[in-house]
Amino acid sequence: MDILFIGPPGSGKGTQAVKLAERKKLKHLSTGDLFRKHLKEKSSLGQQVQLYIDKGELVPDRLTNDMVEVFLKELSLEEKIIFDGFPRNLFQASALDQMLKQAGRQLAHVFYFEIADDQVVDRLTGRLWAPKSGCIYHIRNKPPQKAGICDQSGEALIVRSDDKEEIVRSRLKVFHENTKPLIDYYEKKGLLNRISAETSPETVFQSLLKALEGKSG
Ligand code: AP5
């Protein structure tokens, strides 16, 4: 039951992926989180991707695809995956098809998180993030119990450097130009499921569970 989440920045993909991975015992592959890990560790890949992430642009496909390939090779077939933020363009989608085929895996569901651009800006300019636990908060909509501290891990929460309004607007543009064609791509494959991402996190989660219960695999 490999699953894929497509949606604009701030549509709630990460929030739902963390919750769903825990509930259904799935592996969560967030290419954004992996890149941020490399940035923090100042690895060679981290140095190569810094500029793209700071500007809200896509990291070159070769670097992204190679990173995903390494992640996939470390998993057994029994371990199922939520792809969060990958693929982001048609070239990556086709590379993913190849990787899945080679690994003997199959996508069972693609969820498209639908949300208006203005809501995205409001959400991202209030987001707080815990790098180790991956937990995501919002300064108004979902504050942690203790200000600035992750409820789960106790670590200090941070504001992502690419959550400044002007960068968020660039990321939205990238989504509309590069990632939106994937909606058609997966619709034609009969895998697409549209989810209204403007409702509460719990309502979105219930919609995901309902859709997953409808199909197995
Ligand atoms: P990435 O980290 O993947 O960012 P993104 O896709 O832009 O998505 P976000 O993490 O910003 O948002 P989200 O949808 O996960 O929302 P969240 O749950 O956090 O990528 C970052 C960068 O890495 C890219 O710009 C690019 O440079 C690079 N990159 C990554 N993947 C790449 C790829 N495949 N190819 C090339 N480059 C790549 O929620 C947001 C906020 O809203 C939170 O505060 C949350 O609490 C709140 N919230 C969530 N759900 C709700 C709700 N239902 N109601 C109210 N508030 C909510």
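**Figure 1. Packing of helix α4 in the predicted model.** In this predicted model, the buried residues of helix α4 pack against the strands β2 (27-30) and β3 (81-84) and against the helices α2, α3 (44-55) and α5 (90-103). These buried residues of α4 are D61, L63, T64, N65, M67, V68, F71 and L72.

**Figure 2. The shell of residues around the ligand.** The ligand is surrounded by 35 residues, and the closest of them are T15, E57, R88, R127 and R171. Sorted by class, this shell holds 14 polar, 12 nonpolar and nine charged residues. At least two residues of the shell are supplied by each of α1 (13-24), α2 (31-41), α6 (117-124) and β6 (136-138), and the largest share, four residues, comes from α2.

Figure 3. In the side chain of K13, an N or O atom is 2.9 Å from an oxygen atom of the ligand, while a polar backbone atom of G14 is 2.8 Å from an oxygen atom of the ligand. A polar side-chain atom of R36 likewise lies 2.8 Å from a ligand oxygen atom. Of the 1000 Å² of accessible area that the ligand has on its own, the protein covers 95%.

Methods: Residues are numbered from 1 along each chain as its sequence is written. This is a predicted model: local features need pLDDT of at least 70, side-chain atom pairs count only at pLDDT 80 or more; totals for chains, interfaces and linings use all residues. Side-chain values use heavy atoms; hydrogens and water are left out. A residue is near a molecule or strand if one of its heavy atoms lies within 4 Å of it. A polar contact is a pair of N or O atoms within 3.5 Å; within protein, one must be able to donate a hydrogen and the other to accept it, and residues adjacent in sequence count only if both atoms are side-chain atoms. Accessible areas come from the Shrake-Rupley method with a 1.4 Å probe; for residues, only the protein chains shown count as cover. Ala, Val, Leu, Ile, Met, Phe, Trp, Tyr, Cys and Pro count as nonpolar, Asp, Glu, Lys and Arg as charged, and the others, Gly among them, as polar. Buried means under 20% relative accessible area, exposed over 50%, partly exposed in between (1.4 Å probe, protein chains only). Contact means heavy atoms within 4.5 Å.
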